[in-house]
Amino acid sequence: MTHDFANPLASIPPTGRIMALDLGTKTIGVAISDGMRYSATPLETIKRTKFTQDAERILALIGENQIVAIILGLPLNMDGSEGPRVQSTRAFARSLAQKTPLPIAFWDERLSTSAVTRMMIEADLRRDRRAEVVDKLAASYILQGALDRLRH
């Protein structure tokens, strides 16, 4: 899997819906773009079990939504360095790439969860409700950032 740091989205086809995944230790947040790629919509939160089962659910969602590319949030450290979570994200991407021909790109997600959590606190969502939605909202935030970049 090649990684173009100057243009991390170079492998994304010019048209079609994109899926973003926010890989947490217990859940995977899923968001998809509309066909015109203007907006990202939170789709669901997958409870992580075994990779094979997680991948089956992702592949089902890809089929149901005519997805053409996948973006994975890359959890870099705040200083831009790569920690163990980045390694597990890359490992997940390698495994997923064996199950789908779709291009998989990475997008810097450093601020996604904290930004989304802050927005939810401002919106006064109860803590238990925040826990349910934070991953898919973080996936949506990651995807929106990538969509904005793709348009410029």
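Me: How are α1 and α2 oriented to each other: roughly parallel or roughly perpendicular?
Reply: α1 and α2 are roughly perpendicular, a label for angles of 65 to 115 degrees (under 35 is roughly parallel, over 145 roughly antiparallel, the rest oblique). One caution: this is a predicted model, where local features need pLDDT of at least 70, side-chain atom pairs count only at pLDDT 80 or more, and totals for chains, interfaces and linings use all residues. Residues are numbered from 1 along each chain as its sequence is written, and side-chain values use heavy atoms, with hydrogens and water left out.

Me: Thanks! What angle do α1 and α2 pack at, and how far apart are their axes?
Reply: Helix α1 (residues 51–64) packs against helix α2 (residues 84–97) at about 65°, and the axes are 11 Å apart. Axes are lines fitted to C-alpha atoms, for helices over the stretch in contact, and angles run from 0 to 180 degrees between N-to-C directions. Helices are DSSP runs (H or I, at least four residues), as are strands (E, at least two), numbered from the N terminus.

Me: Which residues make that contact?
Reply: From α1 there are Phe 51, Ala 55 and Ile 58, and from α2 Phe 92, Ser 95 and Leu 96; contact means heavy atoms within 4.5 Å.

Me: What aromatic pairs turn up in a search of the whole structure?
Reply: The search finds one, with ring centres required to lie within 6.5 Å. Phe 51 and Phe 92 form it, edge-to-face, at 5.2 Å centre to centre and 80° between the planes (over 60 degrees is edge-to-face, under 30 stacked, the rest tilted). Phe 51 lies in α1 and Phe 92 in α2, so the pair ties together parts 41 residues apart in sequence.

Me: Switching to the sheet: what's the strand order?
Reply: This open sheet of five strands runs β3-β2-β1-β4-β5, with mixed pairing. Strands count as paired if DSSP finds at least two bridges between them. At the edges, β3 (40–47) and β5 (104–108) each pair on one side only.

Me: And which way do β1 and β4 run, parallel or antiparallel?
Reply: Strands β1 (residues 17–23) and β4 (residues 67–74) run parallel, joined by five bridges. Met 19 has Ile 70 in β4 as its bridge partner.

Me: What about β2 and β3?
Reply: Those two are antiparallel, over seven bridges. They form a hairpin with six residues between them, and Arg 37 in the turn has a positive phi of about 65°.

Me: Last one: which strands does α2 lie across?
Reply: α2 lies across β1, β2, β4 and β5, at about 160° to β4.

Definitions and conventions:
Phe/Tyr/Trp six-rings, centres within 6.5 Å; stacked < 30°, edge-to-face > 60°.
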